[in-house]
Protein chains: 2
Amino acid sequence: MSEFSEWFHNILEEAEIIDTRYPIKGMHVWQPQGFKIRKYALSLLKEILDEDHEEVLFPMLIPEDELAKEAIHVKGFEEEVYWVTHGGLTPLNKKLALRPTSETAMYPMFALWVRSHTDLPMKFYQVVNTFRYETKHTRPLIRVREITTFKEAHTIHADSEGASQQVERAIEIYSSFFDQLGIPYVVTKRPEWDKFPGADYTMAFDTLLPDGKTLQIGTVHNLGQTFARTFDITYETAEGEHEYVYQTCYGLSDRVIASIIGIHGDSSGLNLPPAVAPYQIVIVPVLFKKTAQEVLDFCNQLKDKIKKAGLRVHLDDRDIRAGKKYYGWEMRGVPLRLEIGPRDIENKKMVVVRRDTLEKEIIDYNEETLINDLNNILGNITQNLKTKAWENFQDNIRPAETLEEAKNIITDEQGIVSFLWCGDESCGKEIEEYVNVDILGVKEEATEGKCIKCGKDARNVALLAKTY
Amino acid sequence: MSEFSEWFHNILEEAEIIDTRYPIKGMHVWQPQGFKIRKYALSLLKEILDEDHEEVLFPMLIPEDELAKEAIHVKGFEEEVYWVTHGGLTPLNKKLALRPTSETAMYPMFALWVRSHTDLPMKFYQVVNTFRYETKHTRPLIRVREITTFKEAHTIHADSEGASQQVERAIEIYSSFFDQLGIPYVVTKRPEWDKFPGADYTMAFDTLLPDGKTLQIGTVHNLGQTFARTFDITYETAEGEHEYVYQTCYGLSDRVIASIIGIHGDSSGLNLPPAVAPYQIVIVPVLFKKTAQEVLDFCNQLKDKIKKAGLRVHLDDRDIRAGKKYYGWEMRGVPLRLEIGPRDIENKKMVVVRRDTLEKEIIDYNEETLINDLNNILGNITQNLKTKAWENFQDNIRPAETLEEAKNIITDEQGIVSFLWCGDESCGKEIEEYVNVDILGVKEEATEGKCIKCGKDARNVALLAKTY
């Protein structure tokens, strides 16, 4: 187990995020603290999606014949699908798949729902559990057999432009979501051999974990008309013709939470962006016998005031050593700690400790501006987490001009290698084989250059990395 | 199909609540309108539960050996459990059950979580999909094979009193939830032969649908120490002894939504309590050529003002006949419709149409008090829906002094029959057989009386009804 793996596993346990002792490999329990982080992250995303997507909920089981209809698609999933074969003691006539993703659950219904060009575009999403019979080594939140929080969107368009524009829009949505969480990412167009089964092309978000491996944290697929033809999803044009629709789909998994934890965390434990922290502020009273009641009363009023302003605050009045409290709240990643003793009340001061810097500062306690002051500090924390994460991310993208150089970077420094690629599959496969890691995909166009493998003219700036 | 069945099925389709055309029997799709009702109902319940329960999320699959551990429990479910037997093309070593309910998923973990008496009580809940291989005739939201919104709470206590008090508390929680939705109910203690498999006793909520059949809409189980012994869930007392815990669990399903629709609805369609209505208010502008822009501008401002106050409002400015709009919004159950024309603006009036009474009223448009006025009307609608539903419910509980009388009531008038019962299982079964419907359970104690069957002294006021 790498150092990071060990840290990650320990913090999930110590901060009570996920209990991995559930008696099925790759399936885990969200504990109350973890569930709250999941809930707040989800509500950030829903707020964006709800602007122009409708939330729906499709059944978890998919009949074998529907799953099998789209041949390329089912081929991509056949080794990973869990099958229900019995109801009670009775064998089922038709096997039922636990959804690995919901195209084949939704699209037969879309064929019924889409009628006219005036219905389009249609944009749906759902948040569900999905299942993959992973044969690789499983890891909580990263490689699991039950994805508990699959956020999948599916859109339907009248023309090809509508679908490609929606791909761009989905990239904006996910970028804005990751930005709020301070998760850095790179968006690439996945190579042909690594696209979603059935898609015209796949755009993917990758981030980088502290062990130097990239983690795919979101994908956006342009499905073209592949599924429309398979499931016969057509609409009537203004002229009364029947045409196949164009579709996209895009999704995020539990890996969002893994990234928040893995990227911002440090040797003291979790380091949560305020937007998803179960408690954003913890108040620790400094108690001496004579003044204890007075300090507690003050802290209780302070708590009520902060709570009323809509911030998530906790007053830790347990009768244990202050040091133990500090350790516990730092480990759990509470962004801001207020320490308040009798002298502070007298002097109208507060001791403020930021989790992101672990720095202690004494600031004025001003009744009028209190909420504003706290919100400013929380805003700074959000910004600082993001800046630090992006700096580290960018420091770990290194250009290589030769295959040898690429290989050395991966071996010595890990992270991401950028290089020029002609785009040919044969070159791509040979590069992957030589460097012994995957091509993430093409990030952008260069003005000029030569393919790192064949030396021909190349315009694709592509990325290589050891991936999860 | 009964008249109600037909109405219910039609309104689910017409109002786009649930699509029943999904290609697996008993598994359905929540469409956007239905999903919103579900979402708002869920958030009412969560608000209550979040006060002192922690939300968690357990895996959907349960290993066969865990499910089988509690013999009485598994016996109650063995004919209804869906089994996963294959992962990809590989047969699994151990069959996995789709959870029919989560006792056997959660309690092995509770055995790890509970340590000391200071940990107790612990109260958890989760909102998940559960599965039952129903062999009876399925009905959307009422008898399904995938319950999509199972809200299950599980609590752990140090002593027997703690568990029985929690049963009372759960009854209060569910009562308060149903009260907010105006759903009438009766709470009974289920007969021994109808309690939850593994429970000491079961308390259940039943409501009444318009076809005269009762629908079980919530259950609360005192599990005593049965599962604690099976799963070895113990805690250390203050004296250092190890004792088994006491447990309760309680749950609600998609039937909550079926009740909202079935009980409040009428021949015009849905009739939604404001708390769960996707739109609480719809504004319909009355447009004439000359004044159209002025009226639209006014209505847009009105909409913004109402939206800003946190109400869910929609401006219907489609270019179709007003009558068609009215019909559509009434069918979808929007609680309040505002009709605004040029004369109304001039006279500072609004036409207000309440969905619950379908009555039209002209009220003053007063900028200052507008939101307050609307909230008052919405409050009246909530109250009126509840009052009407409870009146109808109580009118349909009829006392019977003889078995013959009970049978006649069930045959002629349907609804619920109350009667005195000695409590013996043999009498109970004979009563059920004679009247040919089920005993719901015991509602309360009478001061005196004789068993309707054996004539012995009886104190149990019990209820009989044809059930779903």
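This is a predicted model: local features need pLDDT of at least 70, side-chain atom pairs count only at pLDDT 80 or more; totals for chains, interfaces and linings use all residues.
The same surface serves both copies, since 100% of the contact residues of chain A recur in chain B.

The contact itself involves 54 residues of chain A and 54 residues of chain B. The size of an interface is often given as the accessible area lost when the parts come together. Here the area buried between chain A and chain B is about 4,400 Å², and carbon and sulfur atoms give 67% of that area. Three residues, A:Y22, A:L57 and A:P59, supply 14% of what chain A buries against chain B, more than any other three residues.

Polar interactions also cross the interface. There are 17 residue pairs in polar contact between chain A and chain B, counting pairs with both residues at pLDDT 80 or more. By class, the side of chain A that touches chain B has 31 nonpolar, nine polar and 14 charged residues. Two salt bridges are found across the interface. In one salt bridge, A:E54 is paired with B:K36, and the closest N and O atoms are 2.8 Å apart.

Among the secondary structure elements, strand β5 of chain A, residues 82–87, gives the most to the side of chain A that touches chain B, with six residues. This strand is joined by five bridges to strand β5 of chain B, also residues 82–87, and the two strands run antiparallel. Within this pairing, A:Y82 has B:G87 as its bridge partner.

Some backbone features remain. Most residues other than glycine have a negative phi, and most peptide bonds are trans. In chain A, the peptide bond from A:L120 to A:P121 is cis, with omega near -5 degrees. A:P121 sits in the loop between α5 (103–113) and β7 (122–131) of chain A. In chain B, a cis peptide bond joins B:L120 and B:P121, with omega about -5 degrees, and B:P121 is placed in the loop between α5 (103–113) and β7 (122–131) of chain B. A:Q414 is not a glycine, yet has a positive phi of about 60 degrees. A:Q414 belongs to the loop between α13 (403–412) and β21 (416–421) of chain A.

Note on methods:
Residues are numbered from 1 along each chain as its sequence is written. Chains are lettered from A and ligands numbered from 1 in the order in which they are written. Side-chain values use heavy atoms; hydrogens and water are left out. Contact means heavy atoms within 4.5 Å. Buried area is the accessible area (1.4 Å probe) that two parts lose on being put together, summed over both. A salt bridge is a side-chain nitrogen of Lys or Arg within 4 Å of a carboxyl oxygen of Asp or Glu. A polar contact is a pair of N or O atoms within 3.5 Å; within protein, one must be able to donate a hydrogen and the other to accept it, and residues adjacent in sequence count only if both atoms are side-chain atoms. Helices (H or I, at least four residues) and strands (E, at least two) are DSSP runs, numbered from the N terminus. Ala, Val, Leu, Ile, Met, Phe, Trp, Tyr, Cys and Pro count as nonpolar, Asp, Glu, Lys and Arg as charged, and the others, Gly among them, as polar. Two strands pair if DSSP finds at least two bridges between them.
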